[in-house]
Every structure is written in structure tokens, then in C-alpha cells.
Amino acid sequence: MSFIEGIKEKARQDIKTIVLPESEDERTIRAASKVVEEKTAHVVLLGNEETILADAKKYGVSVEGVTIIDPETSEKLEDYVALLTELRAKKGMTPELARETLLKDRTMFGVIMVKNGDADGLVSGACHSTANTLRPALQILKTAPGKKLASGFFVVDVPNCEYGENGTFVFADCALNQDPDSEQLAAIASDSAESFEALVGGHARVAFLSHSTMGSAKHALVDKVHNAVELAHNEYPTLDCDGEMQLDAALDSTVASLKAPNSTVAGKANVLIFPNIDAGNIGYKLVQRLAKAEAYGPMLQGLAAPVNDLSRGCFWEDIVGVVAITAVQAQLASK
């Protein structure tokens, strides 16, 4: 069973409700239809019902079983206006501005649904920027209790790969924190290990990546990663992590035996922590394009409820997969 098929099977065990705000996009409507067919989640599409039904007919897909909510006519609109006003009052939010925001920004409307308990998670980003998806989530949902920050990760599933967990990895942070400091890197590593074990399964082995392996180079960039490893060992004593290390030492046991012979992680890593967003974004896209890997994300971790982003270049099948992952994250959040 592939990674994503395993996720879908988990999602079916406890069906959650996931909001898709981008009903104006053909890929979203096709994905909503497929999710309902596969029974991995209850789906809410936001938008005008007449328009959505007409579009579905045009695309030759059925949206039977999909819940359609038009923010303009929603019976919950005034409740959501009151909630958004309360949550953002210190930032100058008024009822008039809240109503305008909810009617103009479907992602915000969907996030408020999640906050109010009317949905379990949200997936957006097929036709909006990452900032448009993440900003409402960070403003409204906030971080989960005990979490230091929200961060972004990808599940990367590489075909015919001997490394990682049968070719499956978590890469972080590739999307949200541009230049995390040592303490933030340590927290990202801990959260990424949790995400790996929850979604992929198996024991997380975390490599803090660098252009240096165990002090082979001297530079402030190396120091940042080295210090993150020390902090991780102290603050998250059960975390199986090591570094700093180069990518080949993290993955290849032969290289690891030469560069990091005393490491329990080197040569066996399945969670890769990148030193900054440049490295992470470039790294996941290289693997996705050159190794023809499936890259699911960017997912968010550390939030009080799951909200996940999509690449604007995604296919509708990608949305189906991310919805299933979001549903499984919602299962975990509800425990």
C-alpha cells in the first residue's frame, strides 16, 4: 500500500469535515467529488450553490454528497461575525469589518468555521498564495497548547527509493519560517518527528542538515544548526536526532560510516530538517522534479487545528491526497 493509500484508509476510520474554500477552481470541484466518492472526508465547498452545480455539470462530475455553503446566505454568518469581532477586537476588528472580511475572504470564512467547531480542517491554496491561506489560520486558530510555533512540512514519497521509510520522508520547514533560529529549529524537529510518526508510521530519525558534518566546516551557519541539535537533545530528550550533517551522511549508510560513525541517525534519517526555507524549498522541489516524487504539502504543524496549503501548480488528485492527510491530522487533534 502506498503512503497516500494508507492515509486514505486511516481517514475512513473516523470521518472528519474538511472545508474547501476555492470552489471557483475546477480542480477543487473535481477533488471534492472524488473525496466523497472515496469516503475519506465530509467536504464543504464554499460559494454560490447555483454556480457550483453549473460548474460541476460542465466538468462532468457529481457533487452529490458535498455540502455547499454560500457565505452570503449562511445561517451562521452572524455567529461568525460575532466570533471574528471578538477574536480580533484588539486589532481593531468591528462587526462591520468582520462581515465584510467574511464575505470577501472565503478562506477566513472557512477558518472561522473550524474555530467554531463546524468543520475539522481546511485545505486551500490552489488559486491563492500561501500567505492568503496561512494568515487567517495563524490569526484565528493560533498555536496548539505546548507548541512554540507553527511550521510547514512536506511528506515526500519517492518511488523506488532505498532511503528513508521505504522512500517516504518528512521535509521541514519548506514553507513558513524563513530563517529559524536554533531554538525554532529544535522545535520544528520535534513537531516534524511527531508528524512523521502520525502520518507515515515507524520511528522518526531526525537529521539536522547542513553543508557540514559534525564540525567538518566552521561558520556561523553551521553553529546555528549545531546549537539546534544541542537544544533538541536537552529539550526533547526522547527525540532521536543528530547533526549537523550533510545530506549524503544523513541518508547513505556507507557515507555515514565515514563521516559520522558514532551517529544513530546518520545513514538512516527519514525526517530532514533544513537550516532555512531556501534550502528546504529548493530541496523538496529538486526531489519532486528529478526523482518524480509525490510531495504533499505544505502541511502545517503546531496549530490548534489543521489548515493545509496547496501549490498553485497542483493537480486535482493532489488536493484529494491533502484532504485525506488533513482529515488524519484532525483525528489526531481531536484525541
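1. Basis. The model is predicted, with local features requiring pLDDT of at least 70, side-chain atom pairs counting only at pLDDT 80 or more, and totals for chains, interfaces and linings using all residues. Residues are numbered from 1 along each chain as its sequence is written, and side-chain values use heavy atoms, with hydrogens and water left out.

2. Mixed sheet. An open sheet of 6 strands has the order E8-E7-E9-E6-E5-E10, with mixed pairing. Strands here are DSSP runs of E with at least two residues, and helices are runs of H or I with at least four, both numbered from the N terminus. Two strands pair if DSSP finds at least two bridges between them. E8 (241–245) and E10 (294–301) are at the edges; each has a single partner strand, so one side of each lacks a neighbour in the sheet. From one strand to the next, the twist averages 25 degrees. Axes are lines fitted to C-alpha atoms, for helices over the stretch in contact, and angles run from 0 to 180 degrees between N-to-C directions.

3. Strand E8. E7 (residues 206–209) pairs with E8 in the parallel sense, over 4 bridges. Ala-207 has Asp-242 of E8 as its bridge partner. Is E8 buried or exposed? Of its 5 residues, 5 are buried, so E8 is largely enclosed by the rest of the structure. Buried means under 20% relative accessible area, exposed means over 50%, and partly exposed is in between, with a 1.4 Å probe and protein chains only. The peptide bond from Gly-243 to Glu-244 is cis, with omega near -5 degrees; Glu-244 belongs to strand E8.

4. Asp-173 sits in the loop between E6 and H8.

5. Parallel sheet. The 5 strands of another open sheet follow the order E3-E2-E1-E4-E11, and their pairing is parallel. Its edge strands, E3 (67–69) and E11 (307–309), each pair on one side only. Neighbouring strands are turned by 25 degrees against each other on average, direction ignored. E4 (residues 121–124) and E11 run parallel and are joined by 3 bridges. Within this pair, Leu-122 has Val-307 in E11 as its bridge partner.

6. Contact means heavy atoms within 4.5 Å. H6 (residues 106–115) lies across E1 (17–20), E2, E3 and E4, and runs at about 160 degrees to E4.

7. Positive phi. Lys-39 is not a glycine, yet has a positive phi of about 60 degrees. Its place is the loop between helix H2 (26–38) and strand E2 (42–46), and with a relative accessible area of 61% Lys-39 is exposed. Lys-142 likewise has a positive phi, near 65 degrees, in a residue other than glycine. Lys-142 is in the loop between helix H7 (130–140) and E5 and is partly exposed, with a relative accessible area of 44%.

8. Pro-145. The loop between H7 and E5 also holds Pro-145, which is exposed at a relative accessible area of 79%. How far apart in space are Pro-145 and Gln-178? They are 23 Å apart, C-alpha to C-alpha, and 33 residues apart in sequence.

9. Nonpolar patch. Ile-282, Leu-286 and Leu-290 form a nonpolar surface patch with about 340 Å² of accessible area together. Patches are made of residues with over 30% relative accessible area and no salt bridge; like charges are joined within 9 Å, nonpolar side chains (Val, Leu, Ile, Met, Phe, Trp, Tyr) within 5 Å. A salt bridge is a side-chain nitrogen of Lys or Arg within 4 Å of a carboxyl oxygen of Asp or Glu. Accessible areas come from the Shrake-Rupley method with a 1.4 Å probe; for residues, only the protein chains shown count as cover. Leu-290 is in helix H12 (residues 277–290) and counts as exposed, at 70% relative accessibility.
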